[in-house]
Amino acid sequence: MFFSINSFSHEEGANFSGAIIDPLRVHHAHIEDEQRINFSFIDDVGNIDGNNTYSHSLELAINWDDNFRWGSEIFIPYSNTGRSGADIGDIDIQLIKYAFINEPETILTGIFGMSLPTGNKSKGLGGENTAIEAALFLDKAYKNWYWGLNLELGTVVSGENETEFELATAVSYSFIDGTTDLASPKPQQNFVPSVSFELVSENILSGAEKGTNVVTVIPGLHLWHPKSDWSIRFGVEIPVSSDKENDRVYLLQIGTHKDWGGIFN
């Protein structure tokens, strides 16, 4: 039943420009029902035990209303990047998402969220911290071009003191046929390829790691099948700052925008 539900462009009924992609790391501003799994394969030359490191996360989003203005989202991570085996990490929840501007080519969304201490601290996959997060996400399309921007501020309210600010931006070009003004929300072609480039800066403002600034760039390739709305994305995170968490992270993402009401009804 899941695979047979009709959905076009983003979610069925959404009139967002087809040039507005789902970036690899930058959060999109448009609000829709969404189901996605994100795989990360970590290349770390400092890894002396020779074991492969990986993580993946299940990303689920829900749209609350027919105007695609209110929503929520959850990210459930799982990895073997800790000290002693694989386990779940800290879950992130975007409790409230509200689109202040909600037009086909321009979406500006405010977010209030939380990070929960669900990670196994003994395995190095969580710090027993509860954090709250506030953010602004922007999607902007022009013909077949897309620009995305994230501004996020998070602070620990229970656990080790830490405040972090993240700035992330993405630009992409989608090869959609026949675009003269607004890229069609439902392109009449079998596949839509896109190329993207993202930049993410994570700056620790307070806490034990105050002053740490990790900057990465992410080139990416995307392939979207508009009729079914399934898409697949590839990319690689490359650190460009002296502070870094890994040497490279290879990304693979698979997702769609099926209507939750259609799935369960």
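Is Phe 175 buried, partly exposed or exposed, and what is its relative accessibility? At 42% relative accessibility, Phe 175 counts as partly exposed, where buried means under 20% relative accessible area, exposed over 50%, and partly exposed in between (1.4 Å probe, protein chains only). The structure is a predicted model, in which local features need pLDDT of at least 70 and side-chain atom pairs count only at pLDDT 80 or more, whereas totals for chains, interfaces and linings use all residues. Residues are numbered from 1 along each chain as its sequence is written, and side-chain values use heavy atoms, with hydrogens and water left out.

A search of the whole structure finds six aromatic pairs, a pair being two rings of Phe, Tyr or Trp (its six-membered ring) whose centres lie within 6.5 Å, with planes under 30 degrees apart counted as stacked, over 60 as edge-to-face and the rest as tilted. One of these is the tilted pair of Trp 70 and Tyr 98, with 4.4 Å from centre to centre and 50° between the planes. This pair links distant parts of the chain, since Trp 70 lies in strand S3 and Tyr 98 in strand S5, 28 residues apart; strands (E, at least two residues) are DSSP runs numbered from the N terminus. The rings of Tyr 173 and Phe 175 have centres 5.1 Å apart and planes at 80°, so this pair is edge-to-face. Trp 70 is partly exposed, with a relative accessible area of 35%, and Tyr 98 is likewise counted as partly exposed at 24%. Tyr 173 is partly exposed, with a relative accessible area of 25%. Ring pairs also join Trp 64, Trp 70, Tyr 98 and Phe 100 into a cluster.

The structure holds seven salt bridges, each defined as a side-chain nitrogen of Lys or Arg within 4 Å of a carboxyl oxygen of Asp or Glu. In one of them the side chains of Asp 22 and Arg 233 meet at 3.2 Å, N to O. Asp 22 lies in the segment before strand S1 (34-43) and Arg 233 in strand S12 (residues 230-239), so the pair ties together parts that are 211 residues apart in sequence. Both Asp 22 and Arg 233 are buried. A salt bridge is also formed by Glu 73 and Lys 97, whose closest N and O atoms are 2.6 Å apart. Here Glu 73 belongs to strand S3 (residues 70-79) and Lys 97 to strand S5 (residues 91-102), 24 residues apart. Glu 73 counts as buried at 5% relative accessibility, and Lys 97 counts as buried at 2%.

On a 1 Å grid over the protein atoms alone, a cavity is a set of points where a 1.4 Å probe fits but cannot get out, and lining residues have an atom within 4 Å of a point. The second largest cavity has a volume of about 40 Å³, a volume being the space filled by probe spheres set on the points.

Turning to the backbone, Phe 68 has a positive phi of about 55° although it is not a glycine. Phe 68 is placed in the loop between strand S2 (53-63) and S3, and it is buried, with a relative accessible area of 9%.

Terms used
Helices (H or I, at least four residues) and strands (E, at least two) are DSSP runs, numbered from the N terminus. On a 1 Å grid over the protein atoms alone, a cavity is a set of points where a 1.4 Å probe fits but cannot get out, and a pocket is an open set with protein on both sides within 12 Å along at least five of seven lines; lining residues have an atom within 4 Å of a point.
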